[in-house]
Amino acid sequence: MKYIACLFILSVLLMACESENEEDLFPPAGQTISFSTDIQPLIQTNCATPGCHRANAQSPTLETYLQIDASKNRVKTRVDQGTMPPSGPLQQSDKDKITAWINEGALNN
């Protein structure tokens with residue numbers, strides 16, 4: 001009886017665990033990360049904000065494609081380390097988008 005109760009509790013606990021959907025973490029094969037749809041809004045919302053990486057604020061400025069492309073490796077490193085943005089680490093899915101965009105050639109698409 002104890003064995004059945006332990007098995008039941010274990011199964012309930014396993015079902016209650018949140019599982020990350022692989023499609024949320026990694027884009028499906030063949031799906032390109034878009035600068036204009038995925039990366040630029042992410043940077044505008046989290047980095048190119050007043051007092052941060054906007055013109056006449058902290059370096060580097062991250063408002064245009066050329067500025068973001070020139071700093072892409074620095075952005076990736078700081079995001080991966082969790083030191084940026086100062087409001088707190090990005091979600092893993094957002095980090096993965098940045099990495100995938102860079103790995104795909106950092107296209108201006």
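The buried residues of helix α3 pack against α4 (65-70), α5 (72-81) and α6 (92-103), where contact means heavy atoms within 4.5 Å. Helices here are DSSP runs of H or I with at least four residues, strands are runs of E with at least two, and both are numbered from the N terminus. The model is a predicted one, in which local features need pLDDT of at least 70 and side-chain atom pairs count only at pLDDT 80 or more, while totals for chains, interfaces and linings use all residues. Residues are numbered from 1 along each chain as its sequence is written, and side-chain values use heavy atoms, with hydrogens and water left out.

**Overall make-up**

- The protein has six helices and zero strands, so the order of elements from the N terminus on reads α-α-α-α-α-α.
- Of its 109 residues, 28% count as buried; buried means under 20% relative accessible area, exposed means over 50%, and partly exposed lies in between, for a 1.4 Å probe and protein chains only.
- Taking contacts between residues at least 6 apart in sequence, 52% join residues at least 24 apart.

- Helix α3 spans residues 35-46, and its buried residues are F35, D38, I39, L42 and I43.
- These residues sit on the same side of α3 because they cover an arc of only 115° around the axis, the arc being that of the directions from the helix axis to the C-beta atoms.
- On the face turned away from the buried side, α3 carries the exposed residues T37 and T45.

**The cavity**

- One cavity of 30 Å³ or more is counted. On a 1 Å grid over the protein atoms alone, a cavity is a set of points where a 1.4 Å probe fits but cannot get out, and lining residues have an atom within 4 Å of a point.
- The largest cavity has a volume of about 40 Å³; grid points are joined across faces, edges and corners, and the volume is the space filled by probe spheres set on the points.
- Its lining is made up of I39, I43, I68, K72, V75, I98, W101 and I102.
- Helices α3, α5 and α6 each supply at least two of the lining residues, and α6 gives the largest share, with three.
- By class, the lining holds seven nonpolar, no polar and one charged residues. Ala, Val, Leu, Ile, Met, Phe, Trp, Tyr, Cys and Pro count as nonpolar, Asp, Glu, Lys and Arg as charged, and the others, Gly among them, as polar.

**Buried residues worth a click**

- V79 is in helix α5 and counts as buried at 3% relative accessibility.
- Leaving out residues up to four places away in sequence, V79 touches M84, L90, K95 and I98.
- V79 and D94 are 15 residues apart in sequence, and their C-alpha atoms are 9.5 Å apart in space.
- D96 belongs to helix α6 and is buried too, at 14% relative accessibility.
- S71 lies in the loop between α4 and α5 and is buried, with a relative accessible area of 11%.
- Beyond its neighbours within four places in sequence, S71 is in contact with P60 and L62.

**Backbone features to check**

- S59 and P60 are joined by a cis peptide bond with omega of about 0°; P60 is in the loop between α3 and α4.
- The bond from M84 to P85 is also cis, with omega near -5°, and P85 is in the loop between α5 and α6.
- N56, in the loop between α3 and α4, has a positive phi near 65° and is exposed, with a relative accessible area of 84%.
- A106, in the segment after α6, has a positive phi of about 50°, yet A106 is buried, with a relative accessible area of 2%.

Notes: On a 1 Å grid over the protein atoms alone, a cavity is a set of points where a 1.4 Å probe fits but cannot get out, and a pocket is an open set with protein on both sides within 12 Å along at least five of seven lines; lining residues have an atom within 4 Å of a point.
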